[in-house]
Amino acid sequence: MKRFTDRTVLITGGARGLGASHARGFVGEGANVVISDIRETEGRELAARLGKQALFVPHDVTSEQDWAYAIDAAEDSFGPVSVLVNNAGISGAPAAIEDSAPAAWKRVVDINLTGTYLGIRAVAGSMRAAGGGAIVNTSSVGGLAAGPPLRSAYNASKWAVRGLTKAAANELGRYGIRVNSVHPGFIDAPMTDTWVGIPDTADAPTPTTPPYQRLAIARPGREDEVTRMVLFLASDDAGYSTGSEFVVDGGLVNAPALPAR
């Protein structure tokens, strides 16, 4: 028996990168997967490739109305939601705090933190109807340590996701709902391209030594390595784990601090 046979899984930011990897992983484990994203073309193409076990829903995670629509679509197509993966997120452009724009700060926090809050809020009732479930919130090593340089909004939002995870775990445990956070490091995925040696702008110098070479496991992580952690946390194999952090970083948290570029 596959671990998620006939269970309904909702993945935000699911059209590409880590989200798409998670969608493929859950479908492979028997789940019915709702892929939500603002990238409609990529999301619909992925759902079509995954077949009848997948549905794409256009979804802005900062919108309460979009969350209600996504949950309704999941329930109408597959039944109550058993797993939510709050994966949608952005890093924002690099800037020192004193040079940054408040609007840019707000956008990162709205997507990374408020979007996660709205997801937990929206899915709780559906999970109670399913008899329980699991929520996996995507934080970052930036939610455990200083994180990537010159991205204060990103780092602050990911620390906050970690705290929100613990609060939600305490509130929802009585309903059989577990809530954990996953903390990727340098992953070979679209959002982290600028952290693994690719410059932020065309005229920026490429680092002579990619920062991941400082790690105990001296390579970028693969998307499927994060997916396997997410699958574990969402499954009954992690049935006694809640309110905790699970790190997929090749040893980054233990590595020497990286200098600001």
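The crossing of helices α4 and α5 is right-handed, a crossing being termed right-handed if the near helix is turned clockwise from the far one by less than a right angle, and left-handed if anticlockwise. The model is a predicted one, in which local features need pLDDT of at least 70 and side-chain atom pairs count only at pLDDT 80 or more, whereas totals for chains, interfaces and linings use all residues. Residues are numbered from 1 along each chain as its sequence is written, and side-chain values use heavy atoms, with hydrogens and water left out.

Helix α4 spans residues 102-130 and helix α5 residues 152-172, and the two pack at an angle of about 15 degrees with their axes 8 Å apart; helices (H or I, at least four residues) and strands (E, at least two) are DSSP runs numbered from the N terminus, and axes are lines fitted to C-alpha atoms, for helices over the stretch in contact, with angles running from 0 to 180 degrees between N-to-C directions. At this angle α4 is roughly parallel to α5 (under 35 degrees; over 145 counts as roughly antiparallel, 65 to 115 as roughly perpendicular and the rest as oblique). Contact, meaning heavy atoms within 4.5 Å, involves Trp105, Tyr117 and Ile120 among the residues of α4, and Tyr154, Lys158 and Leu164 among those of α5. By class, the residues of this contact divide into 15 nonpolar, four polar and one charged, where Ala, Val, Leu, Ile, Met, Phe, Trp, Tyr, Cys and Pro count as nonpolar, Asp, Glu, Lys and Arg as charged, and the others, Gly among them, as polar.

The contact includes Leu18, His22 and Phe26 of α1, together with Asp224, Val230 and Leu231 of α6, and its residues comprise six nonpolar, five polar and three charged.

Ten of the twelve residues of α1 are buried, so this helix is largely enclosed by the rest of the structure; buried means under 20% relative accessible area, exposed over 50%, and partly exposed in between (1.4 Å probe, protein chains only). These buried residues pack against β1 (8-12), β2 (32-37), α2 (40-50), β4 (81-86) and α6. After α1 comes Gly30, whose phi is positive, near 95 degrees. Asp224, located in α6, is partly exposed, with a relative accessible area of 29%.
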